[in-house]
Amino acid sequence: GQFVVIQLPALPLMPVVMDVTTFCAAQRIVRMPMLVSLFANGLAVGLTWVLMYPAGLGFVGAPIALLIGQLLHGALLILLTRRTLEHPTLLPPSHDALHSWRELIGLGFGAAVGLWAEWWSGEVMIVMAGLAGPTHCFG
């Protein structure tokens, strides 16, 4: 229960992150969301360890670190997307789009790396929280 309560402030940003990331992909912008995801989620994993062990928060350090990572992820996406969209990126539909497999794979790879960063950082933080043991969870 405590993990979920700590995560509540990040709930409004979750759809924003998903919508902005999807919008950027539709505009052929995948590198920036991918790098933001790698940075924010990597920071959250490192912060999880710092808050759980050196700071002595135990299990509670994991949701706090995840919250900080999610807030940073949303804020950076909103700020950087405004700057990225200053020039038009959407091209009109054409028959050539069917021959652009290289571009399609490049767009898909960038989106996949961003998603993997979120997924694996969550898995690592859950394992780290579990390693805290019952004395840290209830003590």
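A residue is termed buried when its relative accessible area is under 20%, exposed when that area is over 50%, and partly exposed in between. In the predicted model described here, Gln7 has a relative accessible area of 10% and is therefore buried. Gln7 is found in helix α1, and its side chain reaches the backbone oxygen of Pro63 at 2.7 Å. When residues up to four places away in sequence are not counted, Gln7 touches Pro63, Leu66, Leu67 and Gln70.

The secondary structure of the protein comprises six helices and zero strands, so that the order of elements from the N terminus on reads α-α-α-α-α-α. Of the 139 residues in the protein, 32% are buried. Among the contacts with a separation of 6 or more, 85% are accounted for by residues 24 or more positions apart.

In one of them, Phe3 and Phe59 form a tilted pair, with 6.0 Å centre to centre and 50° between the planes. Because Phe3 lies in helix α1 and Phe59 in the loop between α3 (31-52) and α4 (61-84), this pair ties together parts that are 56 residues apart in sequence. Phe3 is partly exposed, with a relative accessible area of 26%, and Phe59 is likewise partly exposed, its relative accessible area being 21%. Trp119 and Trp120 also form a tilted aromatic pair, for which the distance is 5.3 Å centre to centre and the angle between the planes is 35°.

Two residues of helix α4 were considered in turn. Gly61 lies in helix α4 and, at 0% relative accessibility, counts as buried. Gly61 and Trp49 are twelve residues apart along the chain, and their C-alpha atoms are separated by 7.8 Å. With residues up to four places away in sequence not counted, Gly61 touches Thr48, Leu51 and Met52.

Ala65 is also found in helix α4, and its relative accessibility of 0% places this residue in the buried class. Leaving aside neighbours within four places in sequence, Ala65 is in contact with Ala44, Leu47, Thr48 and Leu51. Between Ala65 and Asn41, which are 24 residues apart in sequence, the C-alpha to C-alpha distance is 9.6 Å.

Terms used:
Residues are numbered from 1 along each chain as its sequence is written. This is a predicted model: local features need pLDDT of at least 70, side-chain atom pairs count only at pLDDT 80 or more; totals for chains, interfaces and linings use all residues. Side-chain values use heavy atoms; hydrogens and water are left out. Helices (H or I, at least four residues) and strands (E, at least two) are DSSP runs, numbered from the N terminus. Buried means under 20% relative accessible area, exposed over 50%, partly exposed in between (1.4 Å probe, protein chains only). A polar contact is a pair of N or O atoms within 3.5 Å; within protein, one must be able to donate a hydrogen and the other to accept it, and residues adjacent in sequence count only if both atoms are side-chain atoms. Contact means heavy atoms within 4.5 Å. Rings of Phe, Tyr and Trp (its six-membered ring) pair if their centres lie within 6.5 Å; planes under 30 degrees apart count as stacked, over 60 as edge-to-face and the rest as tilted.
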